[in-house]
There are 2 protein chains.
Amino acid sequence: MASNTQLKRVLVTGGLGYIGSHVVLTLLLSGRYLPIVIDNCHNAFPEAVNRCAEIARDEMGSDAPQPIFHKVDLRNPAEIDAVFDKYQTDGGIWGVVHLAALKAVGESSEIPLSYYQVNVGGSMSLLQSMAKYGCNVFVFSSSATVYGIPEVIPIPERSLVKAESTYGRTKAMVEDIIHDVCLSGTMEEPRKEPLKAVSVRYFNPAGAHPSGKLGEEPRGKPGNLLPLLAQMAVGREKSDLKVFGNDYPGSPDGTCVRDYLHIMDLAQGHVLALDAIAVPADQPNIFDKCDPSVDGYFRAFNLGRGKGQSVLTMIEAMRKATGFDYKYEIVGRRVGDVPDLTADPALAEKELGFVAKRDLPEMCRDLWNFQTKNPNGYEPTANGA
Amino acid sequence: MASNTQLKRVLVTGGLGYIGSHVVLTLLLSGRYLPIVIDNCHNAFPEAVNRCAEIARDEMGSDAPQPIFHKVDLRNPAEIDAVFDKYQTDGGIWGVVHLAALKAVGESSEIPLSYYQVNVGGSMSLLQSMAKYGCNVFVFSSSATVYGIPEVIPIPERSLVKAESTYGRTKAMVEDIIHDVCLSGTMEEPRKEPLKAVSVRYFNPAGAHPSGKLGEEPRGKPGNLLPLLAQMAVGREKSDLKVFGNDYPGSPDGTCVRDYLHIMDLAQGHVLALDAIAVPADQPNIFDKCDPSVDGYFRAFNLGRGKGQSVLTMIEAMRKATGFDYKYEIVGRRVGDVPDLTADPALAEKELGFVAKRDLPEMCRDLWNFQTKNPNGYEPTANGA
């Protein structure tokens with residue numbers, strides 16, 4: 001296996017979070033990338049890095065690559081620079097996977113300025129540090145919410161980007177900023193190579209690593225449906241289950257429809273995006289079809305399965321996995337929610353080789369496995385820091 | 001006349017610039033507002049404040065209100081806070097007119113990250129300080145470029161916002177951010193009153209104060225057509241005159257069409273916007289027709305004349321005003337330029353009472369008057385600092 005010095009260093013922002021930690025793990029398991037994790041621990045725990053390291057050792061042996069964690073807040077540009085600076089004399093950071101963000105659609109309409117400052121401001125500072133340190137490989141954690149209320153289901157990437165929520169707007173704005181930076185090529189000092197970027201538009205991640213050692217572990221009450229269902233089944237979360245709206249047209253039961261994909265599939269999508277950017281310019285690559293004056297080296301891909309599931313379908317799937325008899329209340333629609341977000345996954349399959357293979361029962365099984373093994377969330381493992 | 005203590009303090013960001021300085025002057029002349037000017041002097045000179053003060057004394061006498069200048073860079077939030085803090089114990093800053101921005105369409109595609117950091121990041125920091133210090137009145141300097149390539153000419157405010165340049169995108173993003181902050185009401189701490197905001201979408205300002213003491217005085221070569229023509233006529237600018245594209249459809253001569261309005265009319269639009277926001281909630285006001293759940297207290301108005309002028313028309317108008325025989329070269333289109341930006345000014349007239357009365361010969365005459373009186377730009381006046 002490759003020693004750490006042969007691996008490409010990849011900065012993973014928000015690398016302690018649900019998606020981030022599974023990306024970190026998948027980077028380790030790839031044998032090609034060494035994750036440098038940064039996170040401000042706002043909604044995540046440093047223990048996630050230890051769990052990634054443990055699983056990597058379980059699967060790859062004692063010389064498995066080990067992730068490195070630095071506590072950094074993207075709102076402080078000097079902290080970002082310090083991380084780039086630390087590795088600069090030793091080959092530098094090759095690429096960035098940028099996941100750090102505030103992510104609750106409902107909350108985003110209540111504290112919009114915080115969302116813009118963290119998500120948009122943080123991304124600007126990160127891009128500035130990348131330019132300063134000559135780092136030109138960027139994978140951005142975007143969202144299906146950038147499509148707003150899409151005109152066509154399943155949603156192709158060429159759909160109009162017109163977000164309906166503050167959260168979605170922060171993601172759409174960052175895509176625009178990245179795109180403009182890509183288009184500017186090398187004109188903005190001190191950049192010497194044009195930025196190459198892939199925006200991955202997530203549909204709904206679910207599940208956990210099958211080991212049960214890594215999963216979704218938010219601080220406080222979960223904001224997303226599946227971890228809430230898991231915490232209810234394990235007896236940790238006692239609050240009422242509310243279903244926001246059952247009068248959405250086009251849904252089999254009137255509840256919102258989302259395209260769930262397994263978190264390990266989603267994480268793999270990031271590795272495929274990095275792989276795609278790493279292809280040398282003289283070989284066929286994902287930027288071949290870009291018009292340099294219109295696109296720059298910028299591509300956007302959906303990461304989804306192309307299979308829509310209603311809220312009630314998900315509750316039923318979790319009932320089967322957990323045996324828990326969920327009681328729920330139908331309440332009014334929630335501001336910013338969109339009736340149906342189901343991906344057209346064809347482009348990502350064709351160009352990245354991305355296929356989300358794991359099905360809904362597997363997502364629920366792995367989520368429940370994580371929840372039962374960690375009923376109170378992450379606690380330090382024997383070798384944890 | 002009102003003493004300074006009875007005037008509403010209005011922070012004017014970018015208040016030394018071409019538009020900013022005429023806004024500052026118009027605030028002084030209104031007898032209702034006291035401008036607190038902040039600027040980083042990137043593309044402007046502190047002398048502009050002295051000129052404003054001088055004209056105010058000329059017109060209002062020795063007890064005319066006097067503007068106050070603080071050198072502040074919006075990229076440094078602590079500097080913004082310090083200004084709010086300075087006045088907080090003495091009634092505070094009542095409202096903000098936010099003009100500070102990088103503004104060259106062409107340059108914005110070359111150094112996009114700088115444009116986003118200054119225009120979007122700076123606005124976020126300003127809004128944060130306003131929330132912190134309980135300042136809830138906001139007039140934002142937006143631009144006709146937010147309409148991109150408009151579907152209808154003249155352009156009504158309800159047109160789709162879809163900017164075609166980085167510069168235009170920075171303005172559209174800030175409008176979205178302001179709008180979301182307005183919508184959030186008082187949920188985001190420490191705000192106690194909901195933000196009330198008007199976005200004024202400028203078409204093309206031209207001319208100068210008729211005294212010849214205040215005008216457009218950029219650092220270095222002018223980026224806009226009219227000051228370039230004025231500097232050529234006075235012998236200060238020797239470079240070639242380039243007309244970017246003469247094959248735009250719908251134009252009388254194929255060159256780009258813009259809606260020029262006199263800078264003193266444009267400045268008056270800002271005072272009218274502040275006046276409109278100041279109307280008590282129990283009287284008919286511009287927010288009456290807002291749906292609180294869709295708009296918040298947010299309105300956008302065009303500031304233009306509704307009369308499109310081609311580039312060649314403007315060159316001819318300046319020839320008449322200056323007597324200078326302009327030689328120009330037709331070159332290719334410039335990235336980000338839009339064929340026609342002519343305002344539908346009806347909404348601003350109806351709701352703000354805004355009418356841009358001064359015509360094209362008056363714009364050219366006042367510009368030329370300023371240029372001939374200041375052939376080398378601003379030099380300190382006898383009482384200047």
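In this predicted model, B:Arg169 and A:Asp180 form a salt bridge, and their closest N and O atoms are 2.7 Å apart.

## Where chain B meets chain A

On the chain B side, helix H4 (105-110), helix H5 (112-132) and helix H6 (166-183) each supply at least two of the residues that touch chain A. H5(B) gives the largest share of that side, with 11 residues. Sorted by kind, the residues on the side of chain B that touches chain A are 12 nonpolar, eight polar and six charged.

The contact involves 26 residues of chain B and 26 residues of chain A. The size of an interface is often stated as the accessible area lost when the parts come together. Between chain B and chain A, the buried area is about 2,300 Å², and carbon and sulfur atoms give 66% of that area.

How many salt bridges are there between chain B and chain A? The count is two, and the pair B:Arg169 and A:Asp180 is one of the salt bridges formed. Polar contacts between chain B and chain A come to six residue pairs, with both residues at pLDDT 80 or more.

## Chain A as a whole

Chain A has 11 helices and 14 strands. Its radius of gyration is 20 Å, while the globule rule gives 21 Å for 385 residues; the two values are close, so chain A is as compact as a globular protein of that length. Along the principal axes, the C-alpha atoms of chain A fill a box of roughly 55 × 50 × 40 Å.

In chain A, three strands make an open sheet with mixed pairing, in the order E12-E9-E14. The edge strands of chain A are E12 (309-310) and E14 (340-341), and each of these pairs on one side only. Strand E9 of chain A, residues 257-258, pairs with E14(A) in the parallel sense over two bridges. Within this pairing, A:Val257 stands opposite A:Asp340 of E14(A).

Chain B also has an open sheet of three strands, in the order E12-E9-E14, with mixed pairing. Why is one side of strand E12 and of strand E14 in chain B left without a neighbour in the sheet? Strands E12 (309-310) and E14 (340-341) of chain B stand at the edges and have a single partner strand each, so one side of each has no neighbour in the sheet. Strand E9 (residues 257-258) of chain B is joined to E14(B) in the parallel sense by two bridges. B:Arg258 has B:Leu341 in E14(B) as its bridge partner.

## Backbone details in the loops

Most residues other than glycine have a negative phi, and most peptide bonds are trans.

| Cis peptide bond | Omega |
|---|---|
| A:Ile153 to A:Pro154 | about -5° |
| B:Ile153 to B:Pro154 | about -5° |

Where does A:Pro154 lie? A:Pro154 is in the loop between strand E5 (137-143) and helix H6 (166-183) of chain A. In chain B, B:Pro154 is in the loop between strand E5 (137-143) and H6.

A:Cys41 has a positive phi of about 65°, although A:Cys41 is not a glycine. The loop that holds A:Cys41 runs between strand E2 (33-39) and helix H2 (47-60) of chain A.

## Two residues in helices

B:Glu59 belongs to helix H2 (residues 47-60) of chain B. Apart from neighbours within four places in sequence, B:Glu59 is in contact with B:Leu29 and B:His209. With B:His209, the contact includes a polar one between the two side chains, at 3.4 Å. B:Glu59 and B:Thr322 are 263 residues apart in sequence, and their C-alpha atoms are 27 Å apart in space.

A:Ser30 is part of helix H1 (residues 18-30) of chain A. A polar atom of the A:Ser30 side chain lies 3.0 Å from the backbone nitrogen of A:Arg32. A:Ser30 and A:Lys132 are 102 residues apart along the chain, and 28 Å separates their C-alpha atoms.

Definitions and conventions:
Residues are numbered from 1 along each chain as its sequence is written. Chains are lettered from A and ligands numbered from 1 in the order in which they are written. This is a predicted model: local features need pLDDT of at least 70, side-chain atom pairs count only at pLDDT 80 or more; totals for chains, interfaces and linings use all residues. Side-chain values use heavy atoms; hydrogens and water are left out. Two strands pair if DSSP finds at least two bridges between them. Helices (H or I, at least four residues) and strands (E, at least two) are DSSP runs, numbered from the N terminus. Contact means heavy atoms within 4.5 Å. Buried area is the accessible area (1.4 Å probe) that two parts lose on being put together, summed over both. A salt bridge is a side-chain nitrogen of Lys or Arg within 4 Å of a carboxyl oxygen of Asp or Glu. A polar contact is a pair of N or O atoms within 3.5 Å; within protein, one must be able to donate a hydrogen and the other to accept it, and residues adjacent in sequence count only if both atoms are side-chain atoms. Ala, Val, Leu, Ile, Met, Phe, Trp, Tyr, Cys and Pro count as nonpolar, Asp, Glu, Lys and Arg as charged, and the others, Gly among them, as polar. The radius of gyration is taken over C-alpha atoms; the globule rule is 2.2 Å times the number of residues to the power 0.38.
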